[in-house]
Amino acid sequence: MDTPKKVLLVADSHDTVADVFGGFADSVKFIILPEPQPGLPSSIEDSLLDVDACLIQGKYIKHFFESSRYVDFADSVDAFPEGLAVVDKEQGVLRCNTLFAEWCGLTNPTEAVSKQFYELLGMPEIVDLTPCPFHQCRCTLQKTRAKLTNAERQQHFQMDVVPIINNRSEVDRFFVVLSDISQLVILDQKLSSVQTAGRDLANISSSDLLEMSTEQRLDILAQKIALYTDNILNFGHYEIRLLSHKEQGLLEPLVYSGMNEDAIARQLYRAVSGNGITGYVAFTAEPYLMEDADADSLYLPGAANAKSSMTVPLINQGEVIGTFNVESTERSAFTKSDLKMLETFARDIAHAINVMELISVEQMDSAFKSIEAIHGAVAGPINQIQLEAAKVLAIHDNLDINIVEQIRSIQKHALDIQNVIHKVGDRLAPAYANPNPPDKTQHLLLKGRRIFVVDPDESVGLMINSLLQRYGCIVEMAPDGTQALLRAKVNPFDVIISDIKLPDMDAYNLLQGLRNITRVPFVPLILMKGYGYDSGHVLVRSKQDGVIGFLAKPFILDQVLTTIELVINEAITQNGSSVS
């Protein structure tokens with residue numbers, strides 16, 4: 001007599017499945033597994049070892065496979081793309097499939113039996129917030145997920161641990177599913193490398209940039225792009241074009257490698273048709289993945305024997321400034337992940353082009369910005385020289401006349417340095433350095449004016465210096481009222497700008513001190529105030545005492561200019577001169 005065939009049945013009842021097949025032979029023995037539970041009972045799990053087949057009712061299929069609890073460790077489990085293992089409470093492996101054994105460096109699954117789970121995997125690092133997946137699974141009776149990584153073996157896994165519950169409702173074994181996520185991790189690492197490389201594209205000091213010609217900057221950018229494109233992205237045929245500022249819509253080659261000379265020499269314009277994929281991408285501002293050159297009507301030959309390509313726009317501050325095209329001699333060589341990677345790199349290239357001032361407007365602006373930077377850099381030290389010199393002159397009234405003259409000479413030379421920078425800026429800015437120079441014809445009154453800023457925050461004085469130096473003003477600073485009064489005794493100023501609260505006095509006391517020193521009807525004082533309550537009513541008292549200039553922090557350039565001009569005009573009207 002033939003041995004009955006054993007069939008595992010996951011269904012509501014025997015009849016449910018029998019109706020589908022029209023009945024079963026008497027020689028078939030069914031092991032009925034009821035509706036899936038939180039864990040697989042051990043008694044039933046043991047019976048799965050020698051079944052001949054498994055039938056699952058339709059509504060339980062998804063749960064059956066997702067839970068990974070009801071898999072028989074027979075030959076069929078080797079068809080699974082995951083590594084499977086049953087692990088005891090001490091984390092010793094009881095059974096596993098062939099793929100799990102291979103990942104552990106074994107040739108046969110039986111070699112893994114009785115060995116520690118983590119030791120088999122080379123003691124990987126758990127990189128999740130779940131440091132003890134088995135312990136958590138046992139405590140919660142729920143599936144626990146973690147990520148494992150072994151840098152030495154270059155293995156990265158997602159691990160799902162599912163409890164196997166005995167008839168006492170205790171977890172005495174675990175079912176483990178390992179999924180190889182190495183490609184995802186490598187892709188993420190590659191993306192991170194691309195982002196790091198992208199940030200490095202613009203990593204050149206401003207001083208070095210100032211000394212370089214346009215050609216030198218282009219060469220540096222081309223070298224960096226080539227290095228990272230070859231070594232990180234592994235692309236050998238590519239071309240970057242920028243929109244011309246001389247001819248509208250023209251895409252001019254910037255950097256290229258492995259492309260035909262005819263392709264590089266070809267004139268391409270930003271257009272929806274007739275200008276290849278590059279022109280189309282520049283027009284639509286959308287990336288384009290071309291899988292077969294023979295079947296794509298937009299494609300124009302670029303690299304020799306190219307069969308596929310991907311092209312992305314270079315976008316800076318929401319505007320397309322160029323394109324990045326990569327080609328391959330293989331069909332369908334690029335994936336959507338490659339396209340996303342290229343988009344990431346393209347964003348950094350666009351930023352680098354902007355920072356390195358390769359776009360003509362930014363090139364023209366570089367010298368002007370450099371002049372401003374020099375102003376900002378020297379303003380602090382020169383101001384400190386002026387402060388120390390004024391302090392010596394104010395405190396030591398009986399100094400030898402020769403020493404006094406020497407100190408005044410130092411002050412003069414310090415001012416001369418600022419004046420020289422102004423003159424250089426004036427020569428460069430209109431003709432070359434600044435494509436949108438400030439309209440100095442509207443603020444001629446500011447030319448050569450000495451502005452004194454009193455604020456404990458040095459950045460405030462530097463900011464005002466940055467705003468006013470382009471109009472020819474000489475800006476000096478003091479951190480408190482005492483030093484401001486010392487300076488006022490020695491050197492006259494056209495306008496004093498002061499915060500209402502100083503470390504040693506308020507602005508109203510400063511006003512009185514300036515009035516005693518200058519002995520003029522109108523003290524050209526402008527008061528600044530940030531957010532907060534004026535508890536001392538400094539603004540009200542100062543206004544009642546003749547102050548007409550007020551500024552709110554943070555500054556608006558036009559308000560600063562008009563307020564200074566207002567005060568200068570009032571000083572000329574009342575004092576006969578703006579200098580106090």
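Visitor: Where does Gln 154 lie?
Guide: In this predicted model, Gln 154 is in the loop between β7 (144-150) and β8 (155-165). Its phi is positive, about 55°, although Gln 154 is not a glycine.

Visitor: Is Gln 154 buried or exposed?
Guide: Gln 154 counts as exposed, because its relative accessibility is 64% and the cut-off for exposed is over 50%.

Visitor: And Gln 158, where is that found?
Guide: Gln 158 is in strand β8. With 19% relative accessibility, Gln 158 counts as buried, since buried means under 20%.

Visitor: What is Gln 158 in contact with, leaving aside neighbours within four places in sequence?
Guide: Its contacts are Arg 145, Ala 146, Val 177, Leu 178, Ser 179 and Ile 181.

Visitor: What about Gln 91, what is its phi?
Guide: Gln 91 has a positive phi of about 70°, and it is not a glycine. It sits in the loop between β4 (83-88) and β5 (93-96). Gln 91 counts as partly exposed, because its relative accessibility is 24%.

Visitor: New topic. How many aromatic pairs does a search of the whole structure find?
Guide: Nine. One of them is Tyr 118 with Phe 134, an edge-to-face pair with 5.9 Å centre to centre and 75° between the planes. This pair links distant parts of the chain, 16 residues apart: Tyr 118 is in helix α5 (residues 117-120) and Phe 134 is in helix α6 (residues 133-140).

Visitor: Are those two buried or exposed?
Guide: Tyr 118 is buried, and Phe 134 is buried as well. Another edge-to-face pair is Tyr 280 with Tyr 288, at 5.7 Å centre to centre and 80° between the planes.

Visitor: Which residues do ring pairs link into a cluster?
Guide: The cluster holds Phe 100, Phe 117, Tyr 118, Phe 134 and Phe 174.

Visitor: And which ring does the charged end of Arg 541 sit over?
Guide: The ring of Tyr 508, with 4.6 Å to its centre.

Visitor: On to sheets. What is the order of strands in the open sheet of six?
Guide: The order is β12-β11-β10-β15-β14-β13, and the pairing is antiparallel. At the edges are β12 (268-269) and β13 (288-290), each of which pairs on one side only.

Visitor: How many bridges join β11 to β12?
Guide: Two bridges join them, and the strands run antiparallel. Leu 251 has Leu 268 in β12 as its bridge partner.

Visitor: Which helix packs on that sheet?
Guide: Helix α11 (residues 276-284) does, touching β10 (237-243), β11, β12, β13, β14 (308-316) and β15 (319-328). The direction of α11 makes about 35° with that of β14.

Visitor: What about the open sheet of five strands, what is its order?
Guide: That order is β17-β16-β18-β19-β20, with parallel pairing. β17 (474-478) and β20 are at the edges with a single partner strand each, so one side of each has no neighbour in the sheet. From one strand to the next, the twist averages 20°.

Visitor: What joins β16 to β18?
Guide: Four bridges do, and these two strands run parallel. Phe 452 stands opposite Ile 496 in β18.

Visitor: Which strands does α15 lie across?
Guide: β16, β17, β18 and β19, and α15 runs at about 175° to β17. Helix α19 lies across β16, β18, β19 and β20, running at about 165° to β20.

Visitor: What span should α19 have?
Guide: With 19 residues at 1.5 Å a residue, α19 should span 27 Å. Its end C-alpha atoms are 27 Å apart, which agrees.

Visitor: Which residues of α19 are buried?
Guide: They are Val 560, Leu 561, Thr 563, Ile 564, Glu 565, Val 567, Ile 568 and Ala 571. These buried residues pack against β16 (450-454), α15 (458-468), β18 (495-499), β19 (525-529) and β20.

Visitor: What follows α19?
Guide: Gly 576, which has a positive phi near 85°.

Visitor: Last one: where is Pro 554?
Guide: Pro 554 is in the loop between β20 (549-552) and α19 (557-575). A cis peptide bond joins Lys 553 to Pro 554, with omega about -5°.

How values were computed: Residues are numbered from 1 along each chain as its sequence is written. This is a predicted model: local features need pLDDT of at least 70, side-chain atom pairs count only at pLDDT 80 or more; totals for chains, interfaces and linings use all residues. Side-chain values use heavy atoms; hydrogens and water are left out. Buried means under 20% relative accessible area, exposed over 50%, partly exposed in between (1.4 Å probe, protein chains only). Contact means heavy atoms within 4.5 Å. Rings of Phe, Tyr and Trp (its six-membered ring) pair if their centres lie within 6.5 Å; planes under 30 degrees apart count as stacked, over 60 as edge-to-face and the rest as tilted. A charge sits over a ring if NZ of Lys or CZ of Arg is within 6 Å of the ring centre and within 35 degrees of the ring normal. Two strands pair if DSSP finds at least two bridges between them. Axes are lines fitted to C-alpha atoms, for helices over the stretch in contact, and angles run from 0 to 180 degrees between N-to-C directions. The expected span of a helix is 1.5 Å times one less than its number of residues.
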